[in-house]
Amino acid sequence: MTQLYQHIVAFVFAVKEINENQHLLPNVTLGFHIYNNGFSGSGSYLAAMELLSRGHQFIANYKCGIENLPAAVIAGPNTDYCFHVATILYMYKMSQLIFGSSPGVNNDVQGHFFHHMFPNIGYQYEGLVQLLLHFDWIWIGVVCMDDDTGEGFVQNVLPTFAQKGICFQFVARLPQITFSGESGKLLDGYKGIILFLITFTANVAVVHGEIHTVMAIIFIGNTVELFGTLLQRRPKVWVMTVQMEFASLSHHRDMSVHFFHGALSFAVHSEEPLGFKQFLQTRNPYLEKEDKFLWAFWEEAFNCSLSDRLLGKEDDEDKPPCTWKEKLETLPVSVFEMSMTSHSYSVYNAVYAVAHALQAMYSSKFKHNPVLNGRRKELWSIHPWQIHRFLRRVAFNNNAGEEISFNQNGELLTHFDILNWVTFPNESFVRIKVGTMEPQGPADKMFTIQEDAIVWPSIFDQMPPLSLCNEKCLLGFSKRMMEGEQFCCYNCLSCPEGKISNQTDMDACFECPGYQYPNDYMDECLPKEITFLSFGEPLGIILTVFALKFSLITIFILGIFMMYRDTPIVKANNKNLTYILLTSLLLSFLCALLFIGRPGKVTCLLQQTAFGMIFSVALSSILAKTITVILAFIATKPGSRIRRWMGKRFAYSIVLFCSLFQAVICNIWLITSPPFPDLDMYSVTQTIVLKCNEGSGGMLYALLGFMGFLALVSLTLAFLARKLPDSFNEAKFITFSMLVFCSVWLCFIPTYLSTKGKNMVAVEIFSILASSFGLLGCIFSPKCYIILVKPELNTKEQVTKRRN
């Protein structure tokens with residue numbers, strides 16, 4: 001893979017800079033070995049064993065002395081290969097600097113010698129989640145290799161995505177590339193996956209893998225013709241993990257990379273060291289004959305043949321001979337990149353980290369053993385485990401001006417870049433930095449993305465695509481989960497009455513605060529209007545007019561009875577009780593006005609108590625009148641002892657006792673739990689009703705219950721006395737008036753309970769006026785008729801006519 005040659009160049013460039021630096025490891029020349037594992041686990045094991053063998057002889061686990069033993073090993077970029085090397089080297093306590101991917105370790109001792117040239121990998125996954133949630137991509141596909149690394153991602157990482165509200169339409173596992181020439185089997189294994197990929201509805205696919213995963217995608221995208229054509233109609237946004245780097249085989253040279261257009265990928269932060277591009281431009285197999293990697297790279301990159309008679313290599317007849325004038329900068333990016341990639345930058349920094357650790361170790365030895373200054377060979381005959389503690393504490397600024405250091409876990413203190421892939425018609429591409437994931441930054445600034453700088457696939461019209469299972473629920477709707485489907489798939493239901501949803505995709509509608517109410521679209525809360533039964537509104541005016549009108553009528557009747565107080569019909573009806581009854585009815589009409597207007601502390605205290613006291617006086621007066629009529633009839637019988645009960649004192653005692661009993665109830669109420677002004681926010685949807693809260697419902701029921709008791713007793717007694725032989729039997733009128741009174745208040749109860757807001761107050765006022773006017777009309781209208789219209793009947797003879 002021609003792209004991987006840059007790792008070697010970055011390695012050599014770093015060693016060259018260090019050896020030319022007079023301040024870093026003076027008088028010491030770094031050497032190095034480079035091993036090629038041939039993309040196989042056995043090759044990785046073999047490379048590790050050769051590294052530990054003496055000279056060019058391969059004798060497993062045998063090396064005489066410590067000369068030429070490497071100070072550290074830089075391994076990468078594939079996870080499995082790093083793990084194979086680590087399995088051998090950790091037994092010799094040899095420090096390993098890993099670039100590309102983080103291999104799993106069997107125990108803490110093995111991991112103790114690892115130094116990772118990238119931050120904690122968990123921050124990448126956190127950044128990946130934030131990227132998906134930032135664009136609202138919650139319905140995605142996942143592509144990973146069918147190996148231990150891919151399985152670890154599926155088992156350990158994807159559940160954390162689901163906890164954040166991200167669903168997976170599919171998880172596709174790509175067969176591993178074996179580089180064994182079995183392309184037919186690979187093609188058969190990929191066909192089913194690709195046909196599935198092009199039919200899924202999600203617009204985003206997360207790809208987890210390594211370098212060979214990119215090769216698999218290129219192979220798939222160009223081998224299966226159906227995939228290529230349909231992908232143009234239904235492109236996806238590929239989101240790739242940090243381990244991945246663009247790489248391809250030589251026969252991929254003519255394959256399209258257009259399906260990477262608009263992709264996003266994570267990468268370890270990288271800079272461009274000074275002089276690296278110039279160093280690349282000087283690489284030429286004619287000048288670097290000892291670099292056999294360069295020879296292989298040159299032939300693959302430029303598709304030409306080099307001849308080396310000294311090595312017995314002849315020209316390849318299938319390729320034209322190289323002209324020795326080829327230039328690396330003329331190669332397309334898909335073949336070789338002149339800018340330093342993330343993995344190459346990690347290799348570059350790893351070499352410098354080892355050099356600075358050696359410098360620190362040298363300084364430490366010289367400080368504690370000054371006599372060793374003249375014995376440099378002995379000084380540099382080191383054991384591999386000796387450099388480890390210096391690597392952990394190393395900190396320096398590299399040639400690009402970036403600080404390099406590790407944390408206590410041996411992880412590089414740096415951040416991730418988010419790159420946007422932009423392809424061109426000539427099959428080249430460029431990666432543009434559009435965001436970062438900064439583990440060391442503040443929590444609110446760890447993840448940053450420049451959305452305007454991202455180039456999306458052309459079909460999305462330069463807008464971030466949506467990747468949802470279904471359309472979002474609009475305002476005024478809430479989600480309803482679909483049975484048997486993932487939680488990202490749901491139906492949308494309109495909010496029930498009284499509730500709203502003011503955001504899209506809400507799990508449930510909610511009620512507005514008490515001082516607000518939902519609008520017609522159930523997506524906003526509007527402020528409620530404060531209302532009460534006022535004197536200025538039509539209903540208040542009508543009730544006020546009737547109350548005053550009935551009051552004037554009562555005053556008129558009271559005036560008539562006072563003017564004709566000496567007439568027989570007035571005297572026969574106990575004029576003093578009549579005055580008390582008329583006065584209480586007058587006050588009851590005026591009492592209705594307490595219920596109109598803005599409720600205040602005083603009016604709330606007076607409303608029910610004044611109403612209860614006034615009606616108790618009125619009902620007790622009627623009761624006294626009824627009992628007086630009955631006693632008067634019984635007293636006329638010979639030998640009756642009731643005569644001694646006759647008189648004004650007895651009637652007044654009834655009125656006084658009943659009124660005092662009701663007064664006791666009212667005082668207890670006012671002392672224990674008095675009424676107070678209150679707000680009724682829930683009875684009426686769009687208004688807040690100012691009302692008087694009774695404070696104690698039990699005391700209100702006691703007050704009304706006593707009034708009901710007086711009414712029933714008066715009705716019963718009047719009904720029993722209705723046929724007494726009297727020309728003007730008042731019991732008849734009392735019976736009829738009490739029937740009206742009881743009917744009004746019996747109708748009041750269901751009507752009051754079925755109304756809301758200020759209409760409840762209006763119902764109570766109407767009941768007060770109607771019941772009071774019923775008493776006034778039924779009891780006093782016949783008498784007024786006789787007094788004013790039929791005065792000839794207002795004589796003693798007429799009053800006592802039937803009795804005689």
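## Helix 20 and helix 21

Ala711, Ser714, Leu715, Ala718 and Phe719 in helix 20 are in contact (heavy atoms within 4.5 Å) with Ala731, Ile734, Thr735, Met738, Leu739, Phe741 and Cys742 in helix 21. By class, this contact of helix 20 with helix 21 has ten nonpolar, two polar and no charged residues. Ala, Val, Leu, Ile, Met, Phe, Trp, Tyr, Cys and Pro count as nonpolar, Asp, Glu, Lys and Arg as charged, and the others, Gly among them, as polar.

The axes of helix 20 and helix 21 (residues 730-754) come within 8 Å and cross at roughly 145°. Axes are lines fitted to C-alpha atoms, for helices over the stretch in contact, with angles from 0 to 180 degrees between N-to-C directions. Helix 20 passes helix 21 in a left-handed crossing, in which the near helix is turned anticlockwise from the far one by less than a right angle.

## Basis of the model

This is a predicted model, in which local features need pLDDT of at least 70, side-chain atom pairs count only at pLDDT 80 or more, and totals for chains, interfaces and linings use all residues. Residues are numbered from 1 along each chain as its sequence is written, and side-chain values use heavy atoms, with hydrogens and water left out.

## The chain as a whole

The protein chain has 23 helices and 22 strands. Helices (H or I, at least four residues) and strands (E, at least two) are DSSP runs, numbered from the N terminus. Of the 804 residues, 50% count as buried; buried means under 20% relative accessible area, exposed over 50%, and partly exposed in between (1.4 Å probe, protein chains only).

## Gly708

Gly708 lies in helix 20 (residues 697-720). With a relative accessible area of 28%, Gly708 is partly exposed. Its C-alpha atom is separated by 9.3 Å from that of Leu619, 89 residues apart along the chain.

## Helix 15 and helix 22

Helix 15 (residues 538-563) and helix 22 (residues 758-788) have axes that come within 10 Å and cross at roughly 25°. The two helices are therefore roughly parallel to each other, a term for angles under 35 degrees, while those over 145 count as roughly antiparallel, 65 to 115 as roughly perpendicular and the rest as oblique. The contact of helix 15 with helix 22 has 19 nonpolar, two polar and one charged residues.

## Helix 3

Helix 3 (residues 79-89) is mostly covered, with eight of its eleven residues buried. Among them are Tyr81, His84 and Leu89.
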